[in-house]
Amino acid sequence: MIRLLTHVDFLSNLGYFRCIEGKVESAKKLSSLPFDCICFTGSSFTGRLVAIEAAKNLTPCVLELGGKCPVIVDETASLDSAAMRILFGKYLNCGQTCIGVDHVFVHEAVKEKFRKVLLQKIDEMWGKQEFVDNENYGKIINVHHTRRIEAMLKEEHGGKVLYGGDVNVEKHMISPTIIEEPKRESQMMN
């Protein structure tokens, strides 16, 4: 994680800062301490645990949690440009970023053409080689999250897999995947 801070004078006047990394148990334990303020970036699940523990000391929290990142492609969009930007945003670090697009609303007038452009651009970005052999394609952070995403792909999501869907749990890799029209109540849409 990189945090670029440009106002060092401002920060030095505020006092002591420390970044501590760890897993869920570390976050819960640290959150139970009487800090002046807690800033947390991570999942909604862990964020809830942090907030519960912080509340016991009435410690204010700033939570930056994962969420839904929709994109709208209307009939006036440059489809090539939209497809490239969507794919870049999603597959930068395998979508493990706050800008990872997770669903696209496409105007019906350009839906078929956009689908073709999107699939063409994904091939241009990653090539036709097996994704696990592609040195330019990232990995999922750990086995737990690889399996979590794999479960979403295996559930009865009601959608049509247009591209990808391959998983290699041991290597923490999931191929670029496009799913059309999954059910709103599916795990991947929540």
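Guide: Residues are numbered from 1 along each chain, and side-chain values use heavy atoms, without hydrogens and water. In this predicted model, local features need pLDDT of at least 70 and side-chain atom pairs pLDDT 80 or more, while totals for chains, interfaces and linings use all residues.

Visitor: Why is the pair of Tyr91 and Tyr137 called tilted?

Guide: Rings of Phe, Tyr and Trp (its six-membered ring) pair if their centres lie within 6.5 Å; planes under 30 degrees apart are stacked, over 60 edge-to-face, and the rest tilted. Tyr91 and Tyr137 have 6.5 Å between centres and 50 degrees between planes, hence a tilted pair. The structure holds one aromatic pair.

Visitor: How do you know that Tyr91 is buried or exposed?

Guide: Buried means under 20% relative accessible area and exposed over 50%, with partly exposed in between (1.4 Å probe, protein chains only). Tyr91 has 9%, so Tyr91 is buried. Tyr137 has 7%, so Tyr137 is buried.

Visitor: What span is expected of helix H3?

Guide: Helices are DSSP runs (H or I, at least four residues), numbered from the N terminus. The expected span is 1.5 Å times one less than the number of residues. H3 (residues 44–55) has 12 residues and reaches 16 Å from first C-alpha to last, close to the expected 16 Å.

Visitor: Why are the buried residues of H3 said to line one face?

Guide: These residues are Thr46, Gly47, Val50, Glu53 and Ala54. The arc is taken from the directions from helix axis to C-beta atoms. Down the axis of H3 they fall within 130 degrees, so they line one face. The face turned away carries the exposed residues Phe45 and Arg48.

Conventions. Helices (H or I, at least four residues) and strands (E, at least two) are DSSP runs, numbered from the N terminus.
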